[in-house]
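Here is a short briefing on one protein chain. Keep the sequence and the 3D view open while you read.

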Amino acid sequence: MSGTGVATIGDCRIAYRRAGTSGPPIVLCHGAGIDDATVSWRHAINALAADYRVYALDWPGYGNSTGEVDHTVETYVDVLEGFLETLPFERVSLAGISMGGGVALGYALDNPDRVERLALVDSYGLGGKLPSALQWKVLSQVPGATEFGKIAASTSTKSVRMVLDSLVADADRLPDRFVDDIRQKLMEPGSIRAFEEFQNNELSFNGRVATNFVDDLESLSVPTLLIHGRDDPLVPVEWSKRAATLIPDAELTLVDDCGHWTPRERPERFNEHLRNWLPDPHHTPEPRYTKEGMPGVTRASSD
């Protein structure tokens, strides 16, 4: 059983996917670029729903979410805080991939009493410099270049795999469903606009990033799982290795034959590691209000 919902956070309309009717709550945070809740978490949502209450939100400008905001990690932390306030739980577990990992980490550092467990997947925010940032930054400065490249990339499944080759370990081995999800996002008008603004705000031409939580990691009191593809070409695997030595209660899992999109490149392995890390599904917190009183739920489906 899964459904969709909408929550109003400030001036933003935040769409989310929801699945599962019992068990501890977990909120999934997707990354930047050609992404949304479904693209990164399609398999994880289904795998977790049997034992957990799963929520996967779209950031403003992604998926079905709207809102005029500054596209920065700091802003997304505020959006996440507002979204969690609409849920009927005092504490939740958070999982975030790439940029979403940086957002989840930022929230956990500010609100450790609200976070049961934290999973950082190929996460942004764990280092000061991204070696591959220059090519993305340059493209974002050329008017129309990113949008034109997005349209060109969507012309065929072969062209989509060529684009993904710079993000994954082996684009030729990607399942067709993943490639189709990416192609669909590429074909959506304006689907890259939020990412362009994020690059302008967070990335510099020398690869330096605006968000770096390394100096705060030793103060993180939330049990944290770090999952990273060994062959990640975008976010250095060394970031997660170092973070695992700095966070007091941390566990590191490196996934072989995997690049930056671990939940979609190696879904079975990823879901197994995440499920093993999450709270006991038999320990279920009591909601603050009934399911019938949940705000924002618009429909349920079996998708």
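The buried residues of helix H9 pack against strands E7 and E8. In this predicted model, H9 spans residues 237-246, and its buried residues are Val237, Trp239, Ser240 and Ala243. Seen down the axis of H9, they fall within an arc of 150°, so they line one face of the helix. An α-helix has 3.6 residues a turn, so residues three or four places apart point the same way.

**Helix H11**

- H11 runs over residues 267-277, with Pro267, Phe270, Asn271, Leu274 and Trp277 buried.
- These residues sit on the same side of H11, because they cover an arc of only 130° around the axis.
- Glu268 and Asn276 lie on the other side of H11 and are exposed.

**Pro267**

- Pro267 belongs to helix H11.
- Is Pro267 buried or exposed? Its relative accessibility is 11%, so Pro267 counts as buried; the cut-off for buried is under 20%.
- Leaving aside neighbours within four places in sequence, Pro267 contacts His43 and Thr262.
- Trp41 and Pro267 are 226 residues apart in sequence, yet their C-alpha atoms are 9.2 Å apart in space.

**Helices H6 and H7**

- H6 covers residues 157-164 and H7 covers residues 176-187.
- The two helices pack at an angle of about 90°, with their axes 10 Å apart.
- H6 and H7 are therefore roughly perpendicular to each other; angles of 65 to 115 degrees count as such.
- On the H6 side, the contact is made by Thr157, Val160, Arg161 and Leu164.
- On the H7 side, it is made by Asp176, Val179, Asp180, Ile182, Arg183 and Leu186.
- By class, the contact of H6 with H7 has five nonpolar, one polar and four charged residues.

**Nonpolar core**

- The largest nonpolar core has 90 residues.
- Which residues have the most contacts inside it? They are Val27, Leu28, Trp59, Leu80, Phe83, Leu94 and Leu118.
- In soluble globular proteins, nonpolar side chains tend to be buried together.
- Setting aside neighbours within four places in sequence, Trp59 contacts Cys29, His30, Gly31, Ser65, Tyr76, Val79, Leu80, Met99, Gly100 and Val103.

**Positive phi values**

- Most residues other than glycine have a negative phi.
- Ser98 has a positive phi, near 55°.
- Ser98 lies in the loop between strand E5 (92-97) and helix H3 (99-110).
- Ser98 is buried, with a relative accessible area of 13%.
- Asp257 also has a positive phi, near 50°.
- Asp257 is in the loop between E8 and H10.
- Asp257 is partly exposed, with a relative accessible area of 44%.

**The chain overall**

- The secondary structure comes to 11 helices and nine strands.
- Of the 303 residues in the protein chain, 56% are buried.
- Take the contacts between residues at least 6 apart in sequence: 76% of them join residues at least 24 apart.

Notes
Residues are numbered from 1 along each chain as its sequence is written. This is a predicted model: local features need pLDDT of at least 70, side-chain atom pairs count only at pLDDT 80 or more; totals for chains, interfaces and linings use all residues. Side-chain values use heavy atoms; hydrogens and water are left out. Buried means under 20% relative accessible area, exposed over 50%, partly exposed in between (1.4 Å probe, protein chains only). Helices (H or I, at least four residues) and strands (E, at least two) are DSSP runs, numbered from the N terminus. The arc is that of the directions from the helix axis to the C-beta atoms. Axes are lines fitted to C-alpha atoms, for helices over the stretch in contact, and angles run from 0 to 180 degrees between N-to-C directions. Angles under 35 degrees count as roughly parallel, over 145 as roughly antiparallel, 65 to 115 as roughly perpendicular and the rest as oblique. Contact means heavy atoms within 4.5 Å. Ala, Val, Leu, Ile, Met, Phe, Trp, Tyr, Cys and Pro count as nonpolar, Asp, Glu, Lys and Arg as charged, and the others, Gly among them, as polar. A nonpolar core is a set of buried Ala, Val, Leu, Ile, Met, Phe, Trp, Tyr and Cys residues joined through side-chain atoms within 4.5 Å.
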